[in-house]
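I opened my notebook to look up a few things in this structure. My notes follow in the order I took them.

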Amino acid sequence: METLSLISLIVGLLTSIGGGFTWWRAMVRKQYAAERDFGHLKRNYQQLVKSLDSMYKDGDKRFDRLDLEGLVQKWVALCDERFSHAQPPI
């Protein structure tokens, strides 16, 4: 009877140790996965900020160019209007 109690005690201890090790390993994996996911989110955010900054700068350049082209067209139209009424010298 004592050997049966000793065997059940050893089996219980071994399964408890194995369960504890399995639980610890799962916790380490979850922590690693959480850190990796956070790293991905952080890099995605940084990439999004860079993309938005690039788009803003590109849009700003386009609007500056359009404003300049608009001013040139207004100047050309104004010059044509002023000088189209002038009489050519005889």
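I began with a term I would need: a residue is buried under 20% relative accessible area, exposed over 50%, and partly exposed in between. I also noted that this is a predicted model.

**Entry 1: overall make-up.** I looked up the secondary structure. Helix α1 covers residues 2-84. Next I asked: what share of the 90 residues counts as buried? I found 1%. Then I checked the surface. The protein exposes about 9,100 Å². Carbon and sulfur atoms supply 65% of that area.

**Entry 2: the salt bridge.** I asked how many salt bridges the structure holds. The count is one. I found that it joins the side chains of K57 and D53, with 3.4 Å from N to O. I located both residues in helix α1. They sit four residues apart, which is about one turn of the helix. Then I looked up how open each partner is. D53 has a relative accessible area of 37%, so I wrote it down as partly exposed. K57 has 47%, so I noted K57 as partly exposed too. Both values fall between the 20% and 50% cut-offs, which is why neither residue is called buried or exposed.

**Entry 3: the aromatic pair.** I searched for aromatic pairs and found one. The partners are F21 and W24. Their ring centres are 5.9 Å apart, and their planes make an angle of 35°. I recorded the pair as tilted. Where do F21 and W24 lie? I found both in helix α1, three residues apart, or about one turn of the helix. F21 is at 47%, so F21 counts as partly exposed. W24 is at 48%, so W24 is partly exposed.

**Entry 4: a nonpolar patch.** I asked which residues form a nonpolar patch on the surface. I listed L6, L9, I10, L13, L14 and I17. Together they have about 600 Å² of accessible area. I17 is found in helix α1. Is I17 buried or exposed? Its relative accessibility is 58%, so I17 counts as exposed. The cut-off I used here is over 50%.

How values were computed
Residues numbered from 1 in each chain as written. Predicted model: local features only at pLDDT ≥ 70, side-chain atom pairs only at ≥ 80, totals over all residues. Heavy atoms only, no water. Patch = residues over 30% accessible without salt bridge, like charges linked within 9 Å, V, L, I, M, F, W, Y side chains within 5 Å. Areas by Shrake-Rupley, 256 points an atom, 1.4 Å probe, with all protein chains shown as cover. Salt bridge = Lys/Arg side-chain N within 4 Å of Asp/Glu carboxyl O. Helix = DSSP H or I, 4+ residues; strand = E, 2+ residues; numbered from the N terminus. Buried < 20%, exposed > 50% of the residue type's maximum accessible area, 1.4 Å probe, protein only. Phe/Tyr/Trp six-rings, centres within 6.5 Å; stacked < 30°, edge-to-face > 60°.
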